[in-house]
Amino acid sequence: MIEFRKDLFADERDDNLNEVGQPTRRQDILGHVTGRSPFFDDHQFDGLTHLKCVRSPHHRARIRHVDTSAAERMPGVHRVLTERDIPVNRNTLLALINFGKDDEPVLASGQVNYVGDPVVAVIADTERQARDACAAVRVDYEVLPHVLDPEEALLPDAPVVNETYPNNSFDYHEKYDHQKLRFGDVQSAFATADKIVEARYQMSPIEHAPTETNGCIAVAETNDRIACYTSTQALFFSLGTVAKVLDISTARLHFVGGTVGGGFGGKVDTVVEPLAILGCLLTGRPVRFVYDRQEEMQVSSPRGAERWYIKDGVMNDGRIVAREFRGYFDGGAYTRLSSYAVIKGTAHLPGPYTIPNVSSNVYGVYTNRTPASAMRGFGITGVDFAIECQMDRVAEAVGMDPVELRLLNAYRDGDMKAHRREAKNCALIECMQVAAEKSGWAISDEFKKLSSLSGGGGERAIIPHTVTDEHGKIGSSRAPGNTIPGSGYQPAAAPSLAAAASTTYTAAPAASPMPASAPAPTHAPVSSQPPATQAPPSRTPVRPGASSAPGGTVNADSATRPATPPPSAPASRPATSARPRNNNRFSSLFGTRRR
Amino acid sequence: MSINSLVCSSATEAARLLGSNPRARYFGGGTLVMRAINEGDQSFDTIIRINDPELTQMQIAGNRLVIGAGVTMSALLRHRDAGFLHAAARSVGGPAIRHMATVGGNLFAQSPYGDFATALLALDAEVIVADGSRMALVDFLARRNPSSGPTPVVTQVSVNRPASAGDFWFLKVSRVKPKGISVMSFAAHLPRAANQLQQVRVAVGAMAPTPVRMLSVEQALEGHALDAASIEAAARVALEGLTPPTDAIATSWYRSEVAPVHLKRLLTGAMR
Ligand SMILES: Cc1cc2nc3c(=O)[nH]c(=O)nc-3n(C[C@H](O)[C@H](O)[C@H](O)COP(=O)(O)OP(=O)(O)OC[C@H]3O[C@@H](n4cnc5c(N)ncnc54)[C@H](O)[C@@H]3O)c2cc1C
């Protein structure tokens, strides 16, 4: 049963929606319940052949020799594919948007880097024949040392997982071995905080386990085209990727998607289509390549493992004044989408709370595990788990109710977020208040009265005097003698003064695009690689939206202070709303609240 | 290569064929064998079935019940004479699995499967094979090793019939209900004479490579009344002789932590 709390933000919403709040039938449900939804595997073709892969039994090994001669002579076998058959045997998924380097072969060349890495593909009349032929392929491996833990992978003597990234970490902005976020001065704030709360959090990889495993059928069409019926969630990614690795024109590819039998992010990597289409091109026969359940579990990319270290500086009244993160995304052997997960995760820090000093180093790490990729909110879910566990720990440390602690620290309209965007359309406070009310969780009157609309902005809108550093240049963690996984320094242990620098950024005016003269700060997370330039330092902190927030106070000398003051406790602060009421708290385009 | 399927009219014939062909596999209900075929198991290419109706019979013989190896869980659930085994049969898989899964096949199912075999073990089961010879299930399971050559064709299993319904207890512990795979399962036969436990049998599944008897637990209970003190004593020795496996369902550590707790719950339930 849904209850709409239209009393909240009532003056900001046009209540003329036709779909939201109305019962509606999902568009594919009739097909599903009547068994008529067409899946890729419902297409039947004369002379269909089946493709199966010979996969690495080792975490990491050099391939000395591959002998496919016995397999080629097996009954029903049409073709055996090896790396030599792949026209462009190196790709990375996000190459299509120019993010990252090509690092993953379609079929292993010279080395395997995880258990299940495909080495040879066999196309035969039946699945059983293809499997039997796979069993007859002889691969001579020289087993090499491997690494399965992301922090161990960053130690100087760790085996190199992926030759394209010899430091075992993704290169950010052509400069660092991790993604930085710097906002204020966490070290000084730690020094003045009443309490420090530190903890380590870890999540394992998670497989999407779709009912329909990854698969496709490639079949020759007229006009020299190949049709590919596929389970993909990312039809045009697949099309572009196949065109690239097979070096053929997209005009020759006809991709047919349709019903995805369970995706959840597990079908965005283009893994089956290139081999099936190549097989079809080389044999002229329809080729079906479908993961069996074991492959789906072992080989298809999961949500990656993550490890997070969080250190909070907390005042006795519950205000969190500094938060420091060190995070590791375990991308497995190849990049896929983990490079992006790191950036997305960083953009989310420090969670939905206004914390005046935030610092974060997040690493996209290569290990000899199954390559990780997308899954429902990847990049966010893991660190959110860590953040919310941490909030409970903080509440316990200061003896506060965990809901009230969250209400106290929740961001409000007009606050400055760590990635230098003004918080708008906040509703966390209201959500928690309603959730507490519905679940019978008692919160005090003081907290029942809080609102996202008041108490934000003002001091809380200031972009603080920010300490930056140059630690963690690409390759530095692999420098001999470095024993601390990561950039070679642990921010918690006082950073070397020589390398520390301080910069105060000028904020862009709220709700207007960055002026061309002020390039994005290097350390702010953005959705693609910005040029490696430094924002011009300014000594004048500017409060965005100042003109529209008459009640706010500007702390003019904050630039000369070592750390910004913590945000005032909400009960004692004047109400300042930096955002004019304009009826567009909700975006009509996306049906969600505007950023 | 495709799979050859042979149907024999007798267990003897099936045993002969299996003995002469190392790439042949006996096919009971097929819930595990068919899965292996679908997944392209390379270790066999021939399946052998028996259509002798003898294998699907069940009869009472004195204080024993004799169950054909081909009796499925669903068939057993329809038989009133096998009422004491219904809880165990119902714990195997979902309806589709129970419809095909046989009693004989359960004796071979790898841990953490084998819930039904665990129940049989606590009823002093005997296994009867194609040549008519008999063997205690304890010894049969102790020798079970799929990689060591042909296994005998099982035709029947014979078990004790508990004197009263309150004497036999079964508990399956799983995380997903009602169809989850076992974290562990327990079966306890607790006959009483003058309020004292006599001939106690307690078996546990998924705590070792095969279902096993909990000999220390049996000893702790034997000759005592079933009460808080004897249950406590039994729980204390629950892990003796066990090195629980780590698998996708649970870690060895977890199994060790919870085994005494669940054993206690089973026995406490039996006490009331
Ligand atoms: C989805 C699913 C859920 C399951 N859940 C459970 C569960 O909850 N509990 C549980 O215990 N098991 C479970 N199982 C395992 C299995 O279904 C049962 O153990 C079942 O009893 C096996 O019997 P079967 O007749 O299907 O065996 P088959 O698949 O026919 O055979 C299994 C093995 O036993 C051998 N075999 C079978 N019968 C004989 C015989 N008479 N003589 C000699 N060898 C023989 C076969 O050669 C084969 O090696 C599950 C399986 C699946 C697929």
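**Exercise 1.** Identify the kind of contact in which the side chains of B:R213 and B:D124 meet, and state its distance.

*Solution.* The side chains of B:R213 and B:D124 meet in a salt bridge, at 3.9 Å from N to O, where the term requires a side-chain nitrogen of Lys or Arg within 4 Å of a carboxyl oxygen of Asp or Glu. The model is predicted, so that local features need pLDDT of at least 70 and side-chain atom pairs count only at pLDDT 80 or more, while totals for chains, interfaces and linings use all residues. Side-chain values use heavy atoms, without hydrogens and water, residues are numbered from 1 along each chain as its sequence is written, and chains are lettered from A and ligands numbered from 1 in the order in which they are written.

**Exercise 2.** Describe the interface of domain 2 of chain B and domain 3 of chain B by its contacts and buried area.

*Solution.* Begin with the division of chain B into domain 1 (4–50), domain 2 (53–160) and domain 3 (166–270), bounds that come from an automatic or database domain assignment. Next, count the contacts (heavy atoms within 4.5 Å): 23 residues of domain 2 of chain B touch 26 residues of domain 3 of chain B. Then take the buried area, which is the accessible area (1.4 Å probe) that two parts lose on being put together, summed over both; between domain 2 of chain B and domain 3 of chain B this is about 1800 Å², with 65% given by carbon and sulfur atoms. Finally, B:P112, B:T118 and B:A122 supply 28% of the area that domain 2 of chain B buries against domain 3 of chain B, more than any other three residues.
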